[in-house]
Protein chains: 2
Amino acid sequence: MKIVLLGSGNVANHFALRFDQLGYQIVQVYSRHKANAQALALRFNAIATDDLNTVDPLADLYVIAVSDEAIPEVAVHLSNDINGIVVHTSGATDLSILQAFMHSGVLYPVQSISKNIETDFTQIPIGVEASSTSTMESLWKIAKALSHRAFECNSKQRMALHVSAVIVNNFSNILYQLSYEMMQDNNLSFELLLPIIQETAKKVQNKPPIDGQTGPAIRNDNITINKHLNFLRENPPLQTIYQQLTLEIAKRRDK
Amino acid sequence: MKIVLLGSGNVANHFALRFDQLGYQIVQVYSRHKANAQALALRFNAIATDDLNTVDPLADLYVIAVSDEAIPEVAVHLSNDINGIVVHTSGATDLSILQAFMHSGVLYPVQSISKNIETDFTQIPIGVEASSTSTMESLWKIAKALSHRAFECNSKQRMALHVSAVIVNNFSNILYQLSYEMMQDNNLSFELLLPIIQETAKKVQNKPPIDGQTGPAIRNDNITINKHLNFLRENPPLQTIYQQLTLEIAKRRDK
């Protein structure tokens, strides 16, 4: 299995590491910035390039792991004569962006991948989509090798999943940050909230989130809600967020 | 150490269990509903009552663990002649609500306590406030026995902490639920999001949340943001929440 990696960021790094573990051969790494391509290529004895015209046309798999906005440019400049499977790794990009290629697909890792945090790739759910049944067969084998949690999903499902991942990951994290700042402003250690953060994430591992909902909104405890809104009066954006999320909880109160 | 518990809900239950572990004697349990008082009292050989006039005046500690809106009523009907320490367990209620008593204070457990989930009480941070230095001395000993994570905090800090706990717990949980519903609507298993939920909660255990922020908002990736907003066009409340949390992330982008 010969692989060309297009991209040199977090996602490209983690794919490279996992491909290497599987004994797949990374033959080439492309990046707009030659130095970045070289840094990654060196670790796997691959060739580095910053010129899409020099991409090896004989690999089995081309993994486009660049930022979403850079995918069209890479796709346009990559030779259409490629016979291998061309995939991107984006959650929010339609498969049709790769329609110029004979065989195309998606390998979407549903995880917040950070460069310097070790990630067990085999535990990351990988959403797989392919342009044809035969391409799906080939891609499915690769996906199953990469991760124990590969699953098929179409572009619309992938978008729903991507939005959901942003909500549970990026948006939970900014809520943590808003609390972090409020704790700091009141000379309180954020550590006090760490058990409750862990507990909240743990509770939903076994049951629907709403079944574990606690707090003033689900209790219809308007006295407390008003005390909180009053406390937040000097932070109007947070006050608004408080009101809207409280409303969403309230809507589900009597179901 | 003789204790009277006023309340029979989740918090009262968990305090009772922990007091019993410590060898403290629960002499009486009060609840508006006699049957509830009896259910809890039975387990600890305590007397049950639904009449505040019959509360034992000779206990060392009175723990008011009722809903926030019921605290004033309990406080008003409890005899002012009590010489023991009267505490409430609320995050959002000022200590001054207990000013009629000689010795008063707060034992606020910073945790989402659910009746049927086993909780290691010793790991729950307990915010301690007291009406005087001498009361603080007594209460501090009790708090340190209850939990390894007791800490002093005044009423304003406690309110900040309570709001923060609502944000990281109740609001993260409703975000999980909004995602749960979106996943269901698209025939996707919520299980796919469980690793990312765990990972997000885990990342903030060691560093400020903003340092681990990922996603389109922190990348200033407006293409993806607009795709998401378009995807959410049939769910205006969620679209609004998406915009506001994205804005909060964006504000912190260049810091």
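Predicted model: local features only at pLDDT ≥ 70, side-chain atom pairs only at ≥ 80, totals over all residues.
Figure 1. Chain A holds nine helices and eight strands. These are DSSP runs, numbered from the N terminus: helices are H or I with at least four residues, strands are E with at least two. The C-alpha trace of chain A spans about 70 × 40 × 30 Å along its principal axes. Residues are numbered from 1 along each chain as its sequence is written, and chains are lettered from A in the order in which they are written. Local features need pLDDT of at least 70, and side-chain atom pairs count only at pLDDT 80 or more, whereas totals for chains use all residues; side-chain values use heavy atoms, without hydrogens and water.

Figure 2. Of its 255 residues, 58% count as buried. Buried means under 20% relative accessible area, exposed over 50%, and partly exposed in between (1.4 Å probe, protein chains only). Chain A exposes about 10,900 Å², and carbon and sulfur atoms supply 46% of that area. Accessible areas come from the Shrake-Rupley method with a 1.4 Å probe. The mean positions of the 21 positive and 24 negative charges of chain A lie 8 Å apart. Lys and Arg count as positive, Asp and Glu as negative; His and the chain ends are left out. Each charge is placed at NZ of Lys, CZ of Arg, CG of Asp or CD of Glu.

**Figure 3. The salt bridge between Glu129(A) and Arg158(A)**. The closest N and O atoms are 2.8 Å apart. The pair links distant parts of the chain: Glu129(A) sits in strand S7 (residues 126-130) and Arg158(A) in helix H5 (residues 155-185), 29 residues apart. Glu129(A) is buried at 12% relative accessibility. Arg158(A) is buried at 0%. A salt bridge is a side-chain nitrogen of Lys or Arg within 4 Å of a carboxyl oxygen of Asp or Glu. The count over all chains is 10.

**Figure 4. The salt bridge between Arg158(B) and Glu129(B)**. Here the closest N and O atoms are 2.8 Å apart. Arg158(B) lies in helix H5 of chain B and Glu129(B) in strand S7 of chain B, so the pair ties together parts 29 residues apart in sequence. Arg158(B) is buried at 0%, and Glu129(B) is buried at 11%.

**Figure 5. A salt-bridge network with residues from chains A and B**. Glu181(A), Glu248(B), Lys251(B) and Arg252(B) are linked. Lys251(B) and Glu248(B) meet at 2.7 Å, N to O. Both lie in helix H9 (residues 236-251) of chain B, three residues apart, about one turn of the helix. Lys251(B) is partly exposed at 41%, whereas Glu248(B) is buried at 4%.
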